[in-house]
Amino acid sequence: MTAATTYRKATRASGGVRALYAGNARAVLGRGLLATRSTNWWIVLTGVFEPIFYLLSLGLGLGGLIGTVQDSSGNDIPYAAFIAPALLAVSAMNGAIYDSTWNVFFKMHFAKLYQGMLATRLGPLDVALGEISLALLRGAAYGVTFLVVMQALGLNLGWTAFLALPAIVIIAFGFASLGMGVTSYLKTFQQMDVIPLILLPMFLLSATFFPITVYPEPIQWFIMALPLWHGVELVRGLTTGVLTFAMLGHLAYFVGMIALGLIFTTRRLRALFLD
C-alpha cells in the first residue's frame, strides 16, 4: 500500500470537512489554466465569436426588418437590444457548460486526472471547486467580451448594465457546478450528445429571440422552469435598466443551483474515486 493510499484512507476514516476539502482548489485551477494556455486556447477563443455572429446576423440584420419589440415592462426597445442580453447570458452558459462537461469528461475517463489528484492531499471539494472555477472563468471571459461589444454598439440601454458582469459570473457558476456533476454519470461519447440535445432547445425557447408571451401558457410555465430563462431575464433587466423584484427570484434560482451543484458534484467525486 502506497503512502498516498494510506493517507487517503486515514482521511476518509477521520471524516468531517478534512475528508472533503484541503483548502487548495487553486492548485487545480492553476493546472487547468496552464493546460488551456498550452493546448486548447484556440478552442476557447472560437467560442467568443459565436454570440457576436448571432448578434450581427439576427440583431442587426433581421432586427432592421423587425424594428422594435416590447420588454417585460411594455417598453418598446430595438430588437438588437432585446436579444443582445439574452445572447450575453447564453455565452456565459456555453463557456461554463462546455468546460465543465467535455473537458471534465476527457479528464475523468481518458486522462485519469482526478484519480491522481485525489491520491494527494486534495479532496473532492478541492477538485470540484478548481474545475468549476476554470469553467466559470471561461464563461465570464465570453460574457465580458460580448458585453464590451454590446457597449460599442450602443445596446446597453440602462446605467445598470455594468451589473450584468457579476450576473453572468453567477450564471456561469450555476451551470458549471451542475454540469460537472451530471458529466460524472456519462460514460460514452454517445451519452455526451445528450448535452447539446438539452442546450439547443433551451437556447431557442428561453425568450432569447422572442418574448415569452408568444408561447401558449403551458409552454410558458415550462420555459420559466429552465435555468437559462432566469439568466436571460436577469441580464435583460440589467442591460435595459428595467429593474423589478422578480430579478431577486432569478438571482435566488442561481444561488440554489450553485449550492446544489457543489454538493452534488462533491459527493459524486467522492463516491467515484474515494469510497
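This note goes through the helices, a pocket, the ring contacts and some loop residues of a predicted model.

1. Helix H3, residues 79-109, has 31 residues, and at 1.5 Å a residue these should span 45 Å. The end C-alpha atoms of H3 lie 44 Å apart, which agrees with that expectation. Most of H3 is covered, with 27 of its 31 residues buried.

2. Helix H5 (124-152) passes the same kind of check. Its 29 residues should span 42 Å at 1.5 Å a residue, and its end C-alpha atoms are 42 Å apart, so the two values agree. Just after H5 comes Gly154, with a positive phi of about 75 degrees.

3. Helix H11 covers residues 246-273, which makes 28 residues. From its first C-alpha to its last, H11 reaches 41 Å, close to the 40 Å expected at 1.5 Å a residue. The buried residues of H11 include Met247, His250, Phe254, Met257, Ile258, Gly261 and Leu262. Thr265, Thr266, Arg268, Leu269 and Phe273 are also among the buried residues of this helix. As background to such a list, an α-helix has 3.6 residues a turn, so residues three or four places apart point the same way.

4. The second largest pocket has a volume of about 310 Å³. Its lining consists of 16 residues, and those nearest the centre of the pocket are Ile97, Leu178, Val182, Ile198 and Leu199. H3, helix H6 (164-183) and helix H8 (194-205) each supply at least two residues of this lining. By residue class, the lining of the second largest pocket has 13 nonpolar residues, three polar ones and no charged ones.

5. The model has 14 aromatic pairs. In one of them, the ring centres of Tyr54 and Phe209 are 6.4 Å apart and the planes meet at 40 degrees, so the pair is tilted.

6. Phe106 and Phe110 form a stacked aromatic pair, with 5.9 Å from centre to centre and 15 degrees between the planes. Phe110 is partly exposed, with a relative accessible area of 45%. Both of these rings belong to one aromatic cluster, made up of Trp102, Phe105, Phe106, Phe110 and Phe189.

7. Two arginines place a charge over a ring. The charged end of Arg236 sits over the ring of Phe82, at 3.7 Å from the ring centre. The charged end of Arg268 sits over the ring of Tyr185, at 3.8 Å from the ring centre. Arg268 is also listed with the buried residues of H11.

8. Positive phi in residues other than glycine deserves a separate entry. Lys112 has phi near 55 degrees and is not a glycine. Its place is in the loop between H3 and helix H4 (113-118). With 45% relative accessibility, Lys112 counts as partly exposed. Ala207, also not a glycine, has a positive phi of about 55 degrees. Ala207 is found in the loop between H8 and H9. At 1% relative accessibility, Ala207 counts as buried.

9. The loop between H5 and H6 holds Thr160 and Ala161. Thr160 counts as buried at 2% relative accessibility, and Ala161 counts as buried at 7%. The C-alpha atoms of Ala161 and Pro85 are separated by 9.5 Å, although the two residues are 76 residues apart along the chain. For Thr160 and Ser72, 88 residues apart along the chain, the separation between C-alpha atoms is 16 Å.

Methods. Residues numbered from 1 in each chain as written. Predicted model: local features only at pLDDT ≥ 70, side-chain atom pairs only at ≥ 80, totals over all residues. Heavy atoms only, no water. Helix = DSSP H or I, 4+ residues; strand = E, 2+ residues; numbered from the N terminus. Expected span 1.5 Å × (residues − 1). Buried < 20%, exposed > 50% of the residue type's maximum accessible area, 1.4 Å probe, protein only. 1 Å grid on protein atoms, 1.4 Å probe; cavity = no way out; pocket = protein on both sides within 12 Å on 5 of 7 lines; lining within 4 Å. Points joined across faces, edges and corners; volume = space filled by probe spheres on them. Nonpolar A, V, L, I, M, F, W, Y, C, P; charged D, E, K, R; others polar. Phe/Tyr/Trp six-rings, centres within 6.5 Å; stacked < 30°, edge-to-face > 60°. Lys NZ or Arg CZ within 6 Å of the ring centre and 35° of its normal.
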